[in-house]
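Good morning, and thank you for coming. Please look at the sequence and the structure as I put them on the screen.

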Amino acid sequence: MVITEKNKFNMKTKLLYLENSYQKEASAKIVAINTETPQVEIILDKTIFYPQGGGQPADTGTISTKTGIFIVSHVSYNDGSILHKGKLEGSMNVGDEVSLKIDWETRYHNMMLHTAGHILDQVIKNVDNKNYGVDGDHGIGKRTFVAFKLPVNESLIEKIENEANSIINKNLKITAEMVSEKEIKERKIKLQFELPKNKDLRILGIGSYSPMPDGGTHLKTTGECSKISITGIQEKKGQWRVNYSIEKPNKETNEKVKERKSDSIDNDLSINELKQKIADIKSQINSDLNENLTKEKLRIKYLAKKGLFNNLAKNISQIEVSKKKEAGQILNELKTEITQNIEKSAPTSNNSQKKWIDLTAPGIKPKTGHMHPVSQAMEEITQIFERIGFSRSRYPEVDWDWYVFESLNMPKNHPARDEWETFFIDAPINPKMGKIVLTTHTSNGQVREMERLGGKPPIRMINIARCYRRQQDTTHTQMFHQFEGLVIDKGINIQHLKGTLDYFAEQFYGPGTKSRIRPFHFQFTEPSLEVDFSCHICHGTGFLDEKTDKVKKVNCEAREAGLGHGEAREGALGHAPEDRRQKCKFCKSGWHEVGGAGMVHPNVLKAGGFNPDIYTGFAFGWGVERTYTLKEGLNIDDIRLLYSGDLKFLEQF
Ligand code: FA5
């Protein structure tokens, strides 16, 4: 319909800003448009644009469709219809669904000024029990004022300001509602104005102050308003105007306002406002369906975590308690409707949304990962042992006390158990197997492997698994890995063990690396040994100097002659080594300890069903992390780094 001087007052516009002053965006339909006038005029079925009046300036903003954008520069109220005036870029027609957006910053500032005017009205009315005759006139513009019929004495300015600002600090609730003449009487509402007869009225309440009629937009609480100052009192057009301003928001005032807001009272949302918002969403989804938006786009816009539905559903906390059930129902209905609409929407995007592909552009190389260094080490260890006939087994990392301790010749309450700082599982105790524990070592696999083979050798097992102990420092982690070797057959002796250790040393650390065994004690091996490997930096000498090669040679000869390590070094150099030579910081002694070993104890063989008079065996168990970090060139001085999840560290391997 074309807008004419005659008809422009007949088209009624729904005033959304009266229901919710905080609505910044909405959708609506064009009812009439006039492109003949110097400024294009548009009338909508509903609007969030506030028209000039009641002392509050008109909103500005945009009205847009896919085909055009209308820059709103002025809005006026004409007996129920709202006329938006502005500049149209592109085209728009009657019936078009449009999106409305107001300039929120300007509106919010106007809302603050307008609310400040009402606060001043209340204060001045009560300031000295004198009736100043509220004029009801407010102005926001070059001068912002509230008008009275009688002069307000300038000596009262400070008092008025203090009172007004204390209302702000009290953070009182501000309400606006439509009431009929009858309701006003029934609820005994005392108004500051005479009521126009036979007409519903919008009244504004600030805390418990008596309400006043008002058609403007308002803050939800007085606490949102910045500090008020009176800038002068003047007589104009037969009124007495109290001019005022509000403090420009700055960092400090913003903080104060935020504080007041955060401990503020609930901001109520009426069920009608909720219904209006629901209607807006429905009309938006209809127009999106017409646009053939893809399912995915619709889903993101409406149903995603931050989508329109969830944003709206969050408001349910603001609904008055008695209406909550109804609100829940209509929100559920909305969700079902949105879901159904998305289901029947277009499966893919339409052609206009297809993107060009540049076939000549260089490809993007996908990032490839690699195995964790500890997994790489386990792989390498497995292969080294497989080459000499071992096969890999896997045994539980959560196991019975029997396999972890008791079958390994460690009866209950044996003090040797204390060396393994054990994590226990809170579970019923089995009469034979005992408690359940997180395995402290891979030795739990020894008796299990023997049981698996039912007393029939040969056994050449390599068991690599996770272990757990209550330990944490640069060389210990609560979870770590061990690899356990077990060989059982007729005639197995300690030379087989030493040969296997030397073989592994050369294979894993490189040619020339030696193994060393030292007497030790484990309950499950006899004899028991600790195993060391020679340091690749000082070649087993413990010192870094030019004589390293000589020292190495003499040490080897001395070892062959049965001399101790220190004795050989001193003998070779003829003086105390600490005097002149620099100690190897990596090993400090020429050797690195990696784990334990020994000949399987007869009691363990028995526990596994092997006759110790016929069979013998050796076993060893070392930490994977420790064995790995000693490799040449790695220089890892804190094994916890391996489990830090730090990609910068891990990507180096
Ligand atoms: C044992 O665990 C014996 N079961 C080894 C064994 C097996 C001896 C077979 C005889 C026969 P020990 O507690 O010393 O021994 O641990 C062996 C190795 O596991 C240590 O030398 C170390 O390399 C590694 N290790 C132990 N605790 C941790 C830990 N918390 N973090 C990282 N590595 C560890």
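Helices (H or I, at least four residues) and strands (E, at least two) are DSSP runs, numbered from the N terminus. Residues are numbered from 1 along each chain as its sequence is written. This is a predicted model, in which local features need pLDDT of at least 70, side-chain atom pairs count only at pLDDT 80 or more, and totals for chains, interfaces and linings use all residues, while side-chain values use heavy atoms, with hydrogens and water left out.

I begin with strand S14, which spans residues 228–236 and contains Lys-236. Lys-236 is partly exposed, at a relative accessible area of 39%; buried means under 20%, exposed over 50%, and partly exposed in between (1.4 Å probe, protein chains only). Together with Lys-142, Arg-143 and Lys-237, Lys-236 belongs to a surface patch of positive charge. Patches are made of residues with over 30% relative accessible area and no salt bridge, like charges being joined within 9 Å and nonpolar side chains (Val, Leu, Ile, Met, Phe, Trp, Tyr) within 5 Å.

In the loop between strand S13 (212–213) and S14 we find Glu-224. Is Glu-224 buried or exposed? Glu-224 is buried, its relative accessible area being 4%. Its side chain makes a polar contact of 2.3 Å with that of Tyr-108; such a contact is a pair of N or O atoms within 3.5 Å, and within protein one must be able to donate a hydrogen and the other to accept it, while residues adjacent in sequence count only if both atoms are side-chain atoms.

I now turn to salt bridges. Side chains of opposite charge can pair when their charged atoms come close. A salt bridge is a side-chain nitrogen of Lys or Arg within 4 Å of a carboxyl oxygen of Asp or Glu, and the structure holds 20 of them.

One of them joins Arg-448 and Asp-399, with 2.7 Å between the closest N and O atoms. This pair connects distant parts of the chain, 49 residues apart: Arg-448 is in helix H12 (residues 444–452) and Asp-399 in strand S17 (residues 398–400). Asp-399 is buried, with a relative accessible area of 2%.

Another salt bridge, at 2.8 Å from N to O, is formed by Arg-417 and Asp-401. Arg-417 lies in the loop between helix H11 (401–404) and strand S18 (424–430), and Asp-401 in helix H11, so the pair ties together parts 16 residues apart in sequence. Both Arg-417 and Asp-401 are buried.

Conventions
Areas by Shrake-Rupley, 256 points an atom, 1.4 Å probe, with all protein chains shown as cover. Lys, Arg positive; Asp, Glu negative; His and termini not counted. Charge placed at Lys NZ, Arg CZ, Asp CG, Glu CD.
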